[in-house]
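Here is a short briefing to read alongside your chain. Keep the viewer open and follow the topics one by one.

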Amino acid sequence: MRSIVLASASPARLRILRRAGLDPRVAVSGVDEDAVPAGSVPSLVARLARAKALAVAAGTADALVVGCDSLLELDGRPYGKPRSAEEAAAWWRARRGRTGALHTGHCVVDTATGAVAAETAGTEVRFGSPTDDEITRYVGTGEPLRVAGAFTLEGLGAWFVDGIDGDHGNVMGLSLPVLHRLFLAVGVPLTEVWPAA
């Protein structure tokens, strides 16, 4: 069975992989996200995912390193984790009843062969219209301060998402169908990462 290393501190990504039968080790990359330029939100998450995967792969032997990065795009602007409760609340007031796109960059590095594969996925997110009091209470829970775009699909944020068009895992930070394609692209079938029957 191949060893998997998740180059991310995201509890949601770790949970997705564990529920899918994998038992990854976590190694945070330390990449300075503010130092990575890009011309669009999809290209930014792609570059960040690659940078994180390669940074962790440099110190990892014989493993599949999975790097990811997610950002919400609204009006062409990227929304990562809010810097304050006030910023999270402002974001929510501005997006009521609107649709954004959650982009996640994925990158897999096979440190045994040096093979690298990457792909970006986008999912449309239709936001509801929470009241000002609901936004204040939601932000006060702290949940939106820990996640890209200041919302979740699992947890309290789900009350304010009317629907999505695309992969729900992508919105939570990692698309299993994308990861499957990337494993195959580096020459590793799922049977080499799943636990033995």
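Glycine 97 follows helix H3 and has a positive phi, near 70°; helices (H or I, at least four residues) and strands (E, at least two) are DSSP runs, numbered from the N terminus. This is a predicted model, in which local features need pLDDT of at least 70 and side-chain atom pairs count only at pLDDT 80 or more, while totals for chains, interfaces and linings use all residues. Residues are numbered from 1 along each chain as its sequence is written, and side-chain values use heavy atoms, with hydrogens and water left out.

- Helix H3 spans residues 85-95, and its buried residues are Glu87, Ala88, Ala89, Trp91, Trp92 and Arg95; buried means under 20% relative accessible area, exposed over 50%, and partly exposed in between, with a 1.4 Å probe and protein chains only.
- The cover over these buried residues includes E3, strand E4 (77-79), E6 and helix H4 (132-140); contact here means heavy atoms within 4.5 Å.

**Aromatic pairs**

- The structure holds 6 aromatic pairs; rings of Phe, Tyr and Trp (its six-membered ring) pair if their centres lie within 6.5 Å, and planes under 30 degrees apart count as stacked, over 60 as edge-to-face and the rest as tilted.
- Tryptophan 92 and phenylalanine 160 make an edge-to-face pair, 5.8 Å centre to centre with 70° between the planes.
- This pair links distant parts of the chain, with tryptophan 92 in helix H3 and phenylalanine 160 in the loop between H4 and strand E7 (161-165), 68 residues apart.
- Tyrosine 138 and phenylalanine 160 have ring centres 5.7 Å apart and planes at 65°, so this pair is edge-to-face.
- Is tyrosine 138 buried or exposed? Tyrosine 138 is buried, with a relative accessible area of 4%, and phenylalanine 160 counts as buried at 11%.
- One aromatic cluster is formed by Trp92, Phe127, Tyr138, Phe151 and Phe160.

**Nonpolar cores**

- The largest nonpolar core has 21 residues, of which Leu64, Val66, Val108 and Phe183 touch the most other members; a nonpolar core is a set of buried Ala, Val, Leu, Ile, Met, Phe, Trp, Tyr and Cys residues joined through side-chain atoms within 4.5 Å.
- Strand E1 (4-6), helix H1 (11-19), strand E3 (64-74), strand E6 (115-127) and helix H6 (176-185) give two or more residues each to this core, and H6 has the largest share, 4 residues.
- Leaving aside residues up to four places away in sequence, phenylalanine 183 touches Ile4, Leu22, Leu64, Val66, Val108, Val188, Leu190 and Val193.
- Another core, of 18 residues, lies apart from it, with Tyr79, Leu102, Val125 and Val139 among them.

**Pockets**

- The largest pocket has a volume of about 1200 Å³; on a 1 Å grid over the protein atoms alone, a pocket is an open set of points where a 1.4 Å probe fits, with protein on both sides within 12 Å along at least five of seven lines, and lining residues have an atom within 4 Å of a point.
- A volume is the space filled by probe spheres set on the points, which are joined across faces, edges and corners.
- Of the 41 residues lining the largest pocket, Ser70, Lys81, Arg146, Val147 and Ala148 are the closest to its centre.
- The second largest pocket has a volume of about 150 Å³, and H1 gives the largest share of its lining, 4 residues.
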